[in-house]
Number of protein chains: 4
Amino acid sequence: MKTKTITRERVLEQLKQVRNRTVELCQPLQTEDYIPQPAPFVSPAKWHLGHTTWFFEEFVLIPFFEGYKRYHEDFSFLFNSYYNLKGDRILRVNRGNMTRPTVKEVYDYRAYVDQVLQYFLEEMEISGKLEETIEIGWNHEQQHQELLLTDVKYILGHQPLFPSYKENFTLVDTKNASSDWLEYEGGITSVGAGSEGFSYDNEHERHSVFLAPYAIQSGLVTNGEYIEFIEAGGYENPLLWLDEGWAWVNEHQVKSPLYWHRVDDGWKYYTLSGLKDIDVENQLCHISHYEAMAFAEWKGLRLPTEFEWENSARDFEWGTRWEWTNSAYLPYPGFRKPEGAVGEYNGKFMVNQMVLRGASTATSPGHSRITYRNFFQSKHQWQCTGIRLAKNL
Amino acid sequence: MKTKTITRERVLEQLKQVRNRTVELCQPLQTEDYIPQPAPFVSPAKWHLGHTTWFFEEFVLIPFFEGYKRYHEDFSFLFNSYYNLKGDRILRVNRGNMTRPTVKEVYDYRAYVDQVLQYFLEEMEISGKLEETIEIGWNHEQQHQELLLTDVKYILGHQPLFPSYKENFTLVDTKNASSDWLEYEGGITSVGAGSEGFSYDNEHERHSVFLAPYAIQSGLVTNGEYIEFIEAGGYENPLLWLDEGWAWVNEHQVKSPLYWHRVDDGWKYYTLSGLKDIDVENQLCHISHYEAMAFAEWKGLRLPTEFEWENSARDFEWGTRWEWTNSAYLPYPGFRKPEGAVGEYNGKFMVNQMVLRGASTATSPGHSRITYRNFFQSKHQWQCTGIRLAKNL
Amino acid sequence: MKTKTITRERVLEQLKQVRNRTVELCQPLQTEDYIPQPAPFVSPAKWHLGHTTWFFEEFVLIPFFEGYKRYHEDFSFLFNSYYNLKGDRILRVNRGNMTRPTVKEVYDYRAYVDQVLQYFLEEMEISGKLEETIEIGWNHEQQHQELLLTDVKYILGHQPLFPSYKENFTLVDTKNASSDWLEYEGGITSVGAGSEGFSYDNEHERHSVFLAPYAIQSGLVTNGEYIEFIEAGGYENPLLWLDEGWAWVNEHQVKSPLYWHRVDDGWKYYTLSGLKDIDVENQLCHISHYEAMAFAEWKGLRLPTEFEWENSARDFEWGTRWEWTNSAYLPYPGFRKPEGAVGEYNGKFMVNQMVLRGASTATSPGHSRITYRNFFQSKHQWQCTGIRLAKNL
Amino acid sequence: MKTKTITRERVLEQLKQVRNRTVELCQPLQTEDYIPQPAPFVSPAKWHLGHTTWFFEEFVLIPFFEGYKRYHEDFSFLFNSYYNLKGDRILRVNRGNMTRPTVKEVYDYRAYVDQVLQYFLEEMEISGKLEETIEIGWNHEQQHQELLLTDVKYILGHQPLFPSYKENFTLVDTKNASSDWLEYEGGITSVGAGSEGFSYDNEHERHSVFLAPYAIQSGLVTNGEYIEFIEAGGYENPLLWLDEGWAWVNEHQVKSPLYWHRVDDGWKYYTLSGLKDIDVENQLCHISHYEAMAFAEWKGLRLPTEFEWENSARDFEWGTRWEWTNSAYLPYPGFRKPEGAVGEYNGKFMVNQMVLRGASTATSPGHSRITYRNFFQSKHQWQCTGIRLAKNL
C-alpha cells in the first residue's frame with residue numbers, strides 16, 4: 001500500500017481517534033448484543049473489537065516491538081479472520097457461539113494493546129515500514145467500523161421486537177441534491193490511485209483505460225422509484241433478472257430490499273432508531289447487486305462500470321451509499337500483493353465479487369476516496385448499498 | 001397427570017425452592033453465556049429462564065387469576081416452546097440470535113411472575129385443578145433445570161478455552177457400588193404409575209406386561225470398559241452398529257463419547273469444572289443410544305427394556321445416569337393426553353425416540369422415580385446418559 | 001430363520017417361479033425406466049435385478065458350490081446393498097447414475113446364475129443349511145419384487161407425462177368387505193412365529209404378551225374418509241400431529257397422500273395404469289405413519305399395536321395394504337441375529353422404524369403371514385400402506 | 001447476433017451437417033447412457049438431443065412456418081432449458097429422472113423436425129431474419145455438441161468400471177508446438193467481433209481497449225508441470241489460492257484435476273477411450289479456474305485477460321483447450337440483448353462466471369473464432385480447460 005510521510009504526533013492522534021470511535025460505536029449495545037451471529041456473513045461486535053486489536057498486536061507489536069509478549073496465547077486463534085498464514089482460525093460460522101473471553105475481557109485486551117501501542121509509538125523511532133503498517137491498521141479498523149454498524153443493524157433488525165440502537169441515528173435518511181444526466185464522450189482516461197495519500201493495493205497501479213461515450217445520473221435511485229418497480233411486478237418477471245439473481249429471488253423468496261416490511265398497504269423499514277415509515281424521496285438502500293441489475297434492466301438502463309464512475313465522480317455528489325457497479329472485482333494491471341500475511345488482505349477476494357464505489361452513511365469519516373474499491377458478493381443486501389444509473393450514448 | 005392433595009404451604013414452599021434453584025444454577029454464568037445456541041437441540045440459558053416463567057404465566061395466571069395482565073404481550077411468542085396451540089413460536093433454531101429482551105429483563109419478568117404467583121397463591125383458594133397445574137409447572141421447571149445444566153455444559157464445553165462453570169462441580173464423578181448379575185424369572189408384572197404422588201401422563205395407565213426370564217447388571221458400564229471398546233476398534237466395525245448408528249458415526253466422524261479429547265496417548269474430558277483426566281472407574285457418561293447399542297453388541301449382551309428395568313430397579317442403585325433402554329417411547333395402553341395446550345406436553349413426542357430410565361447427576365433432587373420415562377432421539381449424547389447391560393436367561 | 005424340510009423338486013420349482021416373476025414384473029419397462037433413482041429410498045429396477053442375483057451368488061454359490069467362480073469380480077461391489085461385511089458397496093444415492101453394466105448385461109448375469117443354480121441344485125445333495133439359505137434367497141427376492149413395483153410406480157409416477165406401466169394393472173382398487181368393530185378382552189396371548197413353515201429371524205422367538213381390552217375395525221380407512229380429513233383441515237391442524245409429523249408436513253408441504261393430484265375441484269391419483277379419478281370407496285393407500293397417526297387422532301381413535309393386530313388377524317380380511325401399527329420395530333425377547341453377513345438382514349434396522357402388518361396388493365403371492373413384520377420409517381408414503389383403526393375398551 | 005448472407009444451399013448443407021454430427025456423437029452410447037444426470041451441471045444425452053431439436057421447433061418452425069403444429073405439446077416443457085419466457089421448464093436437477101419420452105421417441109421427434117425443416121427450407125423464401133435464426137440454431141447445437149461430449153465423459157468417467165466411449169477417441173492427447181514468451185507493448189487495440197461472419201451478441205460491439213505491456217506464452221501448461229505443482233504441495237498451501245478457491249478445495253477435498261486417479265506411485269486419467277497413463281508432455285486438461293489461478297500464483301505468473309489473449313491469438317496456436325482468462329464474463333460497451341426469448345441466450349449469465357477463450361478438442365469444427373467468448377463458473381472442471389500463462393512487462 002502506498003503511503004505519505006506522517007509525523008509521530010499525527011500517528012498517535014489518528015490512531016487514538018480511530019480506536020476510540022470503535023468503542024463509541026459499541027456504547028449503545030447491551031452485553032448480549034455483542035454475541036450472536038445470525039448469518040454467516042455477519043460477525044459479532046465482540047469479534048470486531050478483538051479482531052481489530054489482534055491486527056495491531058500481530059502486525060505492529062509482534063514484528064516491530066522487540067520483546068513484546070502476546071496478551072493471551074489463544075487470542076490469535078480466536079480473533080484471526082482470513083489470514084490463513086497466521087495459524088489456525090476459528091471457523092467463521094462458529095463465531096456466534098463464543099461467549100468467552102467475555103466482552104469485558106475483550107475490552108481489557110483492547111486497553112492493554114492500546115496502552116502498549118501508545119508507549120511504543122511515543123518511545124520508538126517510527127520507520128517508514130512501521131508507519132505504513134499502522135496506517136493500514138487504522139484503515140483496516142475503519143473498514144470494520146462500517147461492518148460493525150451494518151452487522152449490528154442486522155442483529156438488532158432481526159430481533160422480533162425491533163429494538164432501537166440509538167435515537168435519531170439512521171443510515172437511510174439521505175436525499176438527492178439533483179437528478180440529471182451527465183454526459184461523457186469517452187476516450188483514454190487514467191484510473192487508480194497515485195502516490196499521494198493512503199490507498200490500498202487493489203487501487204494500484206494507476207493505469208489507462210478506454211471508455212466509450214456514456215451518460216451517468218447525478219442522483220441515486222430513490223425508495224419511491226423502487227416501489228414502482230415492486231408494484232410493476234419486478235420481483236416476478238424473470239426477464240429482468242440475471243439467471244443467478246432469479247434463482248436467488250426464488251430460493252430466498254425475496255420481495256423487497258432488506259429490512260423492508262409490508263405493513264397494511266404501505267411499507268416500513270427497520271432503521272437503527274427502530275421501525276419507521278419509508279420516505280419515498282430518500283435514496284434506496286440495502287439492495288443486492290442482483291436487484292440493482294434487475295431494476296436497471298426494468299428502466300432500460302444499466303449500471304456504470306467502475307471506471308465510468310471514477311471518471312465522473314468529481315461531477316456528482318457521492319458518499320451516502322455504496323454504489324454497485326457492473327465491474328467485477330479483479331486486479332489492475334501490475335497489481336502485486338504485499339509480502340506476508342498482510343498480503344492476504346485484498347487479492348485473495350478477487351473473484352466472483354462486484355465492485356462498489358463511493359462510500360456510505362456508515363463509512364468512517366475520511367475513509368473513502370474516488371479511487372477506493374469496495375467489493376461484495378452479488379447476493380448481499382446488508383451493506384448500505386444503492387443504485388446510480390448509466391446508459392450508452 | 002395424576003397428583004395427590006397438597007397444602008397451600010407445601011405448594012408455596014416447593015414452588016419457591018424450585019424457582020430459586022433455577023436461578024442458583026445460573027449464578028456462575030456470565031451474561032454472554034446466556035445467549036448462544038451452538039446446536040439446534042441446545043437452548044440458551046436465557047430461554048430456559050423465560051420459558052419456565054412463561055409456563056406459569058400461561059397455564060396458571062392466565063386461566064386461574066382473573067384479571068391478570070400479561071407482563072409483556074410478546075413474551076408469549078418469544079418463550080413458547082412447542083406449544084403450537086398457543087400461537088406462533090419463534091423458530092427453535094433462531095433462539096441463539098435473540099439478544100433482547102436482555103438477561104436482566106428476563107430476570108425482571110421472572111421476579112414479577114414469582115411475586116404475582118405468591119400473592120395469588122396466598123390469597124386464593126387452591127382448587128384441585130390449580131394444584132395439579134402448579135405441580136406440573138414445577139416438575140416442568142425441574143426438567144428444564146436438567147436441560148439447562150446439560151445445555152450450559154454443551155455451550156462451555158465447546159468454547160475453545162474450556163472455561164470452568166464452577167470449581168468442584170462435576171456430573172461425571174460417580175462409581176458403581178457393585179457389579180453383579182441380577183436374575184429374574186419373568187412372568188406377568190405391573191408397570192406404570194399408580195395414583196399416589198405426582199406422575200406424568202406418559203407413565204399411565206399402570207398395566208400388566210409379560211416378561212421373559214432375564215438378567216440385569218447391578219452396576220453401570222465404566223469409562224475403562226468403554227475405552228476397551230474403543231481400542232478394540234468399536235467405532236470402525238459396522239457389524240456392531242445399527243444401520244442408522246453406523247451412518248451417524250460416519251457422517252459426524254464420531255470416535256468417542258461427547259466431551260472426550262484424546263490428548264497424547266490418553267483421554268481427557270471436559271467437565272463443568274474444566275478439562276480433566278478420565279477416571280477409568282467412573283461410570284461412562286454422554287453416549288448416544290447408538291453407542292450404547294454397539295457397546296452391548298460388542299459385549300454379546302443387550303440393553304434392558306424399560307419394563308425389565310422397572311421390574312428390577314428396586315434391586316440396584318440408580319440415579320447417576322440416565323440409562324438408555326431398548327424400548328421405543330410409545331403410549332401405554334389407555335394413555336390419554338390432557339385437554340388443551342398442556343396436552344401437547346408428552347404425547348406428541350411419541351415416535352422415533354428411545355426411553356431412558358432412572359435419573360442423573362444433573363437431575364433435580366426428588367424429580368425422578370421408578371416409573372419415570374425420559375426420552376431422547378437415538379443420536380443425542382449431551383444428556384448424562386449411561387449403559388446398564390442385560391441378557392436373556 | 002426357521003424352515004421346514006423341502007424336497008429338491010420343490011426347491012427347484014419355487015426358485016424358478018420366484019426368479020421368473022421378477023423378470024415378468026420388468027417386462028412392461030422400457031430400457032430407460034431401469035436407470036433412474038429419483039429419491040434416495042428408491043432403487044432402480046436394474047439394481048433390483050442385479051442385487052437379487054448377487055444374493056444367490058454370494059450366499060449360495062460361493063459358500064456351497066466348491067470351485068464356483070464369480071460371474072464378474074466387480075458385481076459384488078455394484079449390487080451389494082447394506083451388507084457392510086461383504087466389502088465396499090456403492091453409495092446408495094449414486095445407484096441412479098450407474099449406466100453400466102447395461103440392462104442386457106444384468107439379464108445375462110441373471111441367466112448365468114440361474115443356470116448354474118439349476119445345475120448345482122439338480123446335482124448336489126441339498127443340506128439343511130443350503131435349503132434354508134435358498135429359502136431366504138427367494139423370500140428376499142419376493143421382498144424386492146414388492147419394492148421393485150413400488151419403486152417403478154415412484155419413477156413412472158414422477159414422469160411429467162404420467163405414463164402407464166400396464167393397462168388394467170392397479171395396486172389401489174380394493175374395497176372393504178365389511179367395516180365393524182371387533183372386540184377383544186385381552187390377557188396373555190402368544191405372538192411370533194412357531195417352528196413350522198418359513199419365517200424371518202425378526203418373527204422369533206414366539207413369546208407371551210399381555211394385552212389390555214381393545215377393539216379393532218374389520219375394514220380399512222377409505223379414500224372417502226380421508227378426503228373428509230383433508231377437507232376438515234387435517235393437514236393444517238398441529239394438534240393432530242406428532243411433533244415430527246408436523247415438521248414433516250411443513251418441510252415437504254404435504255397436502256395429501258402420495259400420487260394424489262388435485263384437479264379442478266376433485267382428486268385424481270396416479271396408478272400403474274395412468275392417472276385416474278379417485279374412487280372414494282377404495283381403501284386408502286400411500287400414506288405415511290405420520291398421516292396415519294394424525295388421521296386416527298382426528299377420529300378420536302388410534303392405531304393398533306402389532307400384537308393387537310396379530311391377535312385379531314384371523315377375524316378380519318387383510319392382505320391389500322400394509323397396515324401401519326403404532327409399534328416400533330424392535331427385537332422380540334430372545335432374538336438372535338444369524339451368524340455372518342446374512343445376519344445383517346433384519347436386526348440392524350431395529351431402531352426408528354415402525355412395524356407394518358399384513359401384506360399389500362404389491363406383495364408377492366404367499367410371501368406374507370400373520371406373524372410377518374414389515375417395517376419402514378415413519379415418513380415413507382411410497383409403499384402400499386393403509387390404516388386400520390383401533391380403540392381401548 | 002451478426003450474420004452474413006448465406007444461400008439456401010449452404011443453409012441446408014450446414015444444417016444437415018450439424019444435425020447429423022449430434023447423432024453421430026451419440027452412436028457409441030448405450031440406451032442407458034442417455035439417462036442419468038450425476039451432477040447438477042451435467043445434462044443427459046437424451047436431453048441434449050431433445051433440447052437442440054426443440055430450439056429449431058420453437059424459434060424457427062413456430063414463428064416462421066405458418067400452420068406448423070408442435071410435434072408434442074409437452075415437449076416444450078420438457079426440453080426447454082433456461083428460457084423462462086417460454087413457459088415452465090422442468091427443474092434442471094430432475095432431468096436425470098426423465099425416462100419418458102424414451103430415447104427412440106426423442107430420435108423420432110428429431111427426425112420429424114429435421115424433415116419438416118428440410119421441406120420448409122427447400123420451399124420457402126429464406127428471409128434475413130430466418131437465416132439468422134437458423135444460424136443461431138446450428139451454432140447453439142454445436143455448443144451442445146461440446147457439452148454433450150463433456151457430459152458423456154462425466155457420466156462414463158464416474159462409472160465404477162470406467163467404460164470406453166470409443167476406441168482411440170481422446171480429448172486430452174495434444175502437445176505444444178512451442179513454448180516461448182511472446183511480448184507486446186500494449187496501447188489501444190480493438191476487440192470484439194466485426195460485421196463479417198457469424199458471431200454471438202456477447203462479442204459485440206467491437207470496441208477499443210487499452211492494454212499495458214505484457215508477455216504471453218505460446219504454449220499451454222503441461223501435465224508434467226502440473227504434477228510438479230501437486231508434488232510441491234500446491235493443494236495444501238492456502239497462500240496460493242483465492243479465498244473461494246481454498247474453500248472449494250477443502251469442501252470437495254480436491255487433490256488433482258478431474259478424472260485423475262493416483263494409482264500406486266503414478267497418475268492415470270480417465271479418457272473417452274478408458275483409463276490411461278498420463279503423458280507428462282500432453283497439455284493439462286480439466287482444471288477449474290481456481291486451480292488455474294493457484295498454479296499461476298505458484299509460478300509467480302498470472303492468467304491473461306481476455307483482451308490480452310485476443311490481441312495475441314494470431315501469434316500462437318490455440319484450439320485444443322478452452323483457456324481460462326482472468327476476465328469476468330461481462331457485457332461489452334453497447335451490448336444489447338436480442339428481443340424475445342432468444343435474448344435470454346447470453347446476457348443473463350453475465351455475472352460470477354469467468355471468460356474462456358480459444359476452443360477445445362471437444363469443440364465442433366469451425367465453431368470458434370478469435371473473438372469467441374466462452375464462460376463458466378470458476379469451480380467447473382468438466383470442460384476441456386487448460387492454462388496459458390502471462391506476465392507484466
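## Contacts between chains and domains

Chain B and chain D do not touch: 14 Å lies between their nearest C-alpha atoms. This is a predicted model. Chain A and chain C are likewise without any contact, and their closest C-alpha atoms are 14 Å apart. Other pairs of chains do meet.

### Chain B against chain C

How many residues of chain B are in contact with chain C? The number is 39, and they meet 38 residues of chain C. Together, chain B and chain C bury about 3,100 Å². Carbon and sulfur atoms account for 57% of that area. Which residues of chain B lose the most area to chain C? They are B:L239, B:D243 and B:N352, and together they make up 19% of what the chain B side buries.

Now for the charged and polar pairs. Between chain B and chain C there are zero salt bridges. Polar contacts do occur: six residue pairs across this interface qualify, with both residues at pLDDT 80 or more.

Several elements of chain B build the side that touches chain C. Strands β3 (207-211) and β8 (322-328) each supply at least two residues, as do helices α7 (243-252) and α8 (289-299). Sorted by class, this side of chain B has 20 nonpolar residues, twelve polar ones and seven charged ones.

### Chain D against chain A

Here 39 residues of chain D are in contact with 38 residues of chain A. The buried area is about 3,000 Å² for chain D and chain A, with 58% of it on carbon and sulfur atoms. Three residues stand out on the chain D side. D:L239, D:D243 and D:N352 give 19% of the area that chain D buries against chain A, more than any other three residues.

The count of salt bridges between chain D and chain A is zero. Six residue pairs are in polar contact across the interface of chain D and chain A, both residues being at pLDDT 80 or more. On chain D, the side that touches chain A draws at least two residues from each of β3 (207-211), α7 (243-252), α8 (289-299) and β8 (322-328). That side of chain D holds 20 nonpolar, twelve polar and seven charged residues.

| Parts | Area buried | Share on carbon and sulfur atoms |
|---|---|---|
| Chain B and chain C | about 3,100 Å² | 57% |
| Chain D and chain A | about 3,000 Å² | 58% |
| Domain 1 of chain A and domain 2 of chain A | about 2,500 Å² | 62% |

### Two domains in chain A

Next, look inside one chain. The domain assignment of chain A gives domain 1 (8-157) and domain 2 (181-392). The contact takes 27 residues from domain 1 of chain A and 28 residues from domain 2 of chain A.

About 2,500 Å² is buried between domain 1 of chain A and domain 2 of chain A. The salt bridge count between these two domains is zero. Their interface has 15 residue pairs in polar contact, both residues at pLDDT 80 or more.

Which helices of domain 1 of chain A each supply at least two residues of the side that touches domain 2 of chain A? They are α2 (45-64) and α5 (128-157) of chain A. The largest share of this side comes from α5(A), with 17 residues. By class, the side of domain 1 of chain A that touches domain 2 of chain A has 13 nonpolar, eight polar and six charged residues.

### A salt bridge in chain A

Over all chains, the count comes to 63 salt bridges. One of them joins A:E141 to A:R19, with the closest N and O atoms 2.9 Å apart. This pair links distant parts of the chain. A:E141 sits in helix α5 of chain A and A:R19 in helix α1 (residues 8-26) of chain A, 122 residues apart.

### A sheet in chain B

Strand β8 of chain B also belongs to an open sheet of four strands, in the order β10-β9-β8-β11. The pairing in this sheet of chain B is mixed. Strands of a sheet pair through backbone hydrogen bonds, in parallel or antiparallel fashion. Which strands of chain B are at the edges? They are β10 (374-376) and β11 (385-386) of chain B, each pairing on one side only. In chain B, β8 and β9 (residues 354-358) run antiparallel, joined by four bridges. B:A328 has B:M354 in β9(B) as its bridge partner.

Methods:
Residues are numbered from 1 along each chain as its sequence is written. Chains are lettered from A and ligands numbered from 1 in the order in which they are written. This is a predicted model: local features need pLDDT of at least 70, side-chain atom pairs count only at pLDDT 80 or more; totals for chains, interfaces and linings use all residues. Side-chain values use heavy atoms; hydrogens and water are left out. Domain bounds come from an automatic or database domain assignment. Contact means heavy atoms within 4.5 Å. Buried area is the accessible area (1.4 Å probe) that two parts lose on being put together, summed over both. A salt bridge is a side-chain nitrogen of Lys or Arg within 4 Å of a carboxyl oxygen of Asp or Glu. A polar contact is a pair of N or O atoms within 3.5 Å; within protein, one must be able to donate a hydrogen and the other to accept it, and residues adjacent in sequence count only if both atoms are side-chain atoms. Ala, Val, Leu, Ile, Met, Phe, Trp, Tyr, Cys and Pro count as nonpolar, Asp, Glu, Lys and Arg as charged, and the others, Gly among them, as polar. Two strands pair if DSSP finds at least two bridges between them.
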